[in-house]
Amino acid sequence: MTAAAAVQASAAAQAPPAPAGPQGRFVVVLDAAHGGDDTGGRLANGATEKRFTLDFSVRLRSLLAARGIQVLNLRESDMLIDPGHRAELANHANAQACLSLHATESGSGTHLFISSLPSPPHTGDKNAPPPARFAAWKTAQTAWVPRSLALAGVLNSALQHAGISVTLGRAAMPGVDSMACPAVAVEIAPERNAAQQTTAELDNADYQARVAAALAAALLEWRSEAHP
Amino acid sequence: MIPRHQRVIVSVLLVASLVMGVVLWQLRDRAHQRLMAGEDSAPTRAPEVAPAEQATLLVASDADNTLFPQVRLLPLPSDPGARARAVLGKLLEIYSTPDALHPAPGGTNAVTQVFLLPATGEKDPQHPDAQLAVVNLSGAFVATHPSGLETETLTVLSICGTLHANLPRVAQVRFLVDGAQHSTLAGHADLTRTYLTAEAVPTEGSHP
């Protein structure tokens, strides 16, 4: 971990749960997972996860930009970025939402994951010691887990409203665990019906558009919560 | 005319060859008899099989991202390490069946060994005898495991939960692949960290 990153993480960790971005801007970080030699999973029709996430992040950025939301894409091309460096970039943006984008052929609908790090203790005791001045790099997300859960809830509602099935889970994710922002990993799987028959593959443009629109709608709602 | 001493030498060599031929034939017969005798003394009874016991497997389902307990009767060895490997072998065998709710090829050979060690880190006063299980996965299993946050997380958590359900002293789990540390299962689930089984054990039918 670099000293700058440590300071950034600690500074962000000191912030209140829903801080405003630089100059009060609402910034969303989109992290297209994998890239370069790390192809990620193999998808149907020979596609790779790294390509899908990059294309989807560009599509989502366009939707968010059209709604006046400032977006930072961590990966703009087919390049390998270390998870730690992804977290550094995200923390530097002081974003109000960080989405790590993934794709898989397993399961169905959209899977939302937040960090499995424990939530910070919430004592409510006025005499309780103040929050730690410095956040450990590998567990910087700890202070943000409650906000990440809230963001996952907003994303879940929007996706379900769009008729997309959602599963929620928690996982250890090296990049996300170091992010000092409300962070959710969004994993998109093919759409399947109750009998587990595929109704829309990942390369289905309409399906991608529905998921992207639902995520954009959720982030708009999140912005209204963060900047009422 | 052939000299006399040469005729004697040739005769001696001829006799020696015949004697050696007879001896080799007898040795071959004896070896064959020993082999047959060995086959006769081979065990004709099946080896003792460990008695079948109840084992609880935490089986994953990709459709709803859940782990649900499934009780099976399995012949379980008394040695805890072998016992752990047996239950994990059964769990991963379920995942390798064609109609598995959480497909993952590999089967019983996916887990090469399970080592049980004293737990690391701060001692829990309530569980002073807590154990760390080191699960050595086969490289072939890892190479063919489906890629994805959900599917990989479910595999890891179901292994952790199944270990804790059958060996309650196991509080921590670490993973190796072919005896060496490996970064992820198939690109997503972190295999470098120590997993706490308390985090993996869900209430029935709940999300991990």
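This is a predicted model: local features need pLDDT of at least 70, side-chain atom pairs count only at pLDDT 80 or more; totals for chains, interfaces and linings use all residues.
Chain A, then. Take the contacts between residues at least 6 apart in sequence: 82% of these join residues at least 24 apart. The chain has 228 residues, and 48% of them are buried. It holds six helices and eight strands. Reading from the N terminus, the order of elements is α-β-α-β-α-β-β-α-β-α-β-β-β-α.

Now chain B, and one sheet in it. A general point to start: strands of a sheet pair through backbone hydrogen bonds, either parallel or antiparallel. Which order do the four strands take here? The order is β3-β4-β5-β6 in chain B, the sheet is open, and the pairing is mixed. At the edges sit β3, residues 111-118, and β6, residues 195-196, of chain B, each pairing on one side only.

Look next at β4 and β5 of chain B. Strand β4 covers residues 131-137, strand β5 covers 170-177, and the two pair in the parallel sense over seven bridges. What stands opposite B:Leu137 in β5(B)? That is B:Val177.

Helix α2 of chain B, residues 80-95, lies across β3 and β4 of chain B, and runs at about 135 degrees to β3(B).

That is my part.

How values were computed: Residues are numbered from 1 along each chain as its sequence is written. Chains are lettered from A and ligands numbered from 1 in the order in which they are written. Two strands pair if DSSP finds at least two bridges between them. Two residues are in contact if their C-beta atoms, placed from the backbone, lie within 7 Å. Axes are lines fitted to C-alpha atoms, for helices over the stretch in contact, and angles run from 0 to 180 degrees between N-to-C directions. A residue is buried if 20 or more other C-beta atoms lie within 10 Å of its own, exposed if 12 or fewer, and partly exposed in between; C-beta atoms are placed from the backbone.
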